[in-house]
Amino acid sequence: LPKSKVLANRRGDSIAGLTVGWMMIPQALAYANLIGVSPRHGLLSAFFSPVVYFLLGTCPQLSIGPEAIIAILTANSLDSNYPDADIDQRAAYATEITCLVGSFTLLLGLLRFGFLASIFSRTLLSAFINAVAIEIAIEQTDKFFGVDDPSVHSFDKFVLIWNNVSSINWMTVIFGFTALAFLLAVRFAKEKFPGLLWGWFKFMPDTLVVVVFYMMLTQFLRLDKKGIKILGRSAGGFAVPVVPFSEFPPSPALTSSALVIATVGVVESILTSKTFSAKHKYRASPNRELVALGMSNFVSSFFGVFPTFASLPRSGINDAAGARTTMSSFICALAVLLTIVALLPLFEFLPSVVMGAIIMNAALKL
């Protein structure tokens, strides 16, 4: 990046990066919980991809990191193909999917197939995305009643809840539905009243507000001793770099899942980059974007992550907060890095049902 351009936009980029960073952190924790890997893996996913995109990306407003539909597809792939895998095995499989996703996307960029993204549209993918969103929303329902069972899936979740009515934890029910109601209300207010509080309301990191409030409430009242399930103590720090596929060899199941994830992620990301390049009247090369997105996933896959692509809602916040160079992605990554090395233990009392509410909210947006 030209030094003069970075310096001229340092204030807007810094505000945007920090705003998006504090929004991305609770999302990374929630999506890691959805995929069934440790919180550290979620934060590592939120750190490495913005750093690589900062170096290679062409759309300053794009926010690269954990994204709802990508996390949902990854979780579905692992649940379908490796239902008995433990948390470490799921992390290894997710990392291998990330490596394949990065390789496919990078290859498309190097072969100059960026035009393919113009052939597809979100409308063409909408039926598929909506079906996945409904499925993942159903998967979260048992968490809202405190009777979650990872071995039960789809509509059997409702049977599980019915058969365990006597075991329902009503404090969990209150936490889950009030958290979801707050997130939905804030989203509605941001869309209908963008000028609220002199325009500052739209920058409120609603997910972080929900996480901090319920986390503090649980810790101070020790509600974890009254049946509220929490994230628990989790080790921070960086993972030792590991070559993907060193633990498990490639499989047709992983390859087919990676192709689907790469297709959805590429279409979503390229369409998002086109939205902001048209708004700010600059040219974002689809081929260069594919290379940047591919490298973001490929490089990250050496550090135990899951696939990441652009998020339209976060990109919108990034733009509105003043991002004008990809330095905002680097500032965002620094906020995540601080959490990885120092702040992760503070999330010990984060209720599982609140993470479920975050995922449910994300699914309802799709």
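Eleven of the 14 residues of helix H4 are buried, so H4 is largely enclosed by the rest of the structure. Buried here means under 20% relative accessible area, exposed means over 50%, and partly exposed is in between (1.4 Å probe, protein chains only). The buried residues of H4 are Ala68, Ile69, Ile70, Ala71, Ile72, Leu73, Thr74, Ala75, Asn76, Ser77 and Leu78. Helices (H or I, at least four residues) and strands (E, at least two) are DSSP runs, numbered from the N terminus.

The model is predicted: local features need pLDDT of at least 70, side-chain atom pairs count only at pLDDT 80 or more, and totals for chains, interfaces and linings use all residues. Residues are numbered from 1 along each chain as its sequence is written, and side-chain values use heavy atoms, with hydrogens and water left out. The mean pLDDT of the protein (the predictor's confidence in each residue, from 0 to 100) is 87, and 93% of the residues score at least 70. Confidence is lowest in helix H1 (residues 3-8), with a mean of 62, and highest in strand S1 (residues 64-65), at 96. Where pLDDT is low, the predicted coordinates should not be read in detail.

The expected span is 1.5 Å times one less than the number of residues in the helix. Helix H3 (residues 39-56) has 18 residues and reaches 27 Å from its first C-alpha to its last, close to the 26 Å expected. Of the 18 residues of H3, 14 are buried, so this helix too is largely enclosed by the rest of the structure.

Rings of Phe, Tyr and Trp (its six-membered ring) pair if their centres lie within 6.5 Å; planes under 30 degrees apart count as stacked, over 60 as edge-to-face and the rest as tilted. By this rule there are ten aromatic pairs. One of them joins phenylalanine 47 and phenylalanine 48, edge-to-face, with 5.0 Å centre to centre and 75° between the planes. Phenylalanine 47 is buried at 11% relative accessibility, and phenylalanine 48 is buried with a relative accessible area of 11%. Together with Phe303, Phe47 and Phe48 form one aromatic cluster.

Charged contacts come next. A salt bridge is a side-chain nitrogen of Lys or Arg within 4 Å of a carboxyl oxygen of Asp or Glu, and the whole structure holds seven. In one of them, the side chains of arginine 90 and aspartate 79 meet at 3.0 Å, N to O. This pair links distant parts of the chain, with arginine 90 in helix H5 (residues 87-110) and aspartate 79 in helix H4 (residues 68-81), eleven residues apart. Arginine 90 is buried, with a relative accessible area of 9%, whereas aspartate 79 is partly exposed at 26%.

A salt bridge also joins arginine 222 to aspartate 224 (2.9 Å, N to O). Arginine 222 is partly exposed at 34% relative accessibility, and aspartate 224 is partly exposed at 22%. Arginine 324 and aspartate 319 form a salt bridge at 3.4 Å, N to O. Here arginine 324 is partly exposed at 33% relative accessibility, but aspartate 319 is buried at 5%. Lys279 joins Asp319 and Arg324 in a network of salt bridges.

Two separations complete the tour. Serine 167 sits in the loop between helix H8 (156-163) and helix H9 (170-192) and is partly exposed at 44% relative accessibility. Its C-alpha atom is 34 Å from that of phenylalanine 188, 21 residues apart along the chain. Alanine 363, in helix H15 (residues 352-365), is buried with a relative accessible area of 6%. Alanine 363 and serine 49 are 314 residues apart in sequence and 22 Å apart in space, C-alpha to C-alpha.
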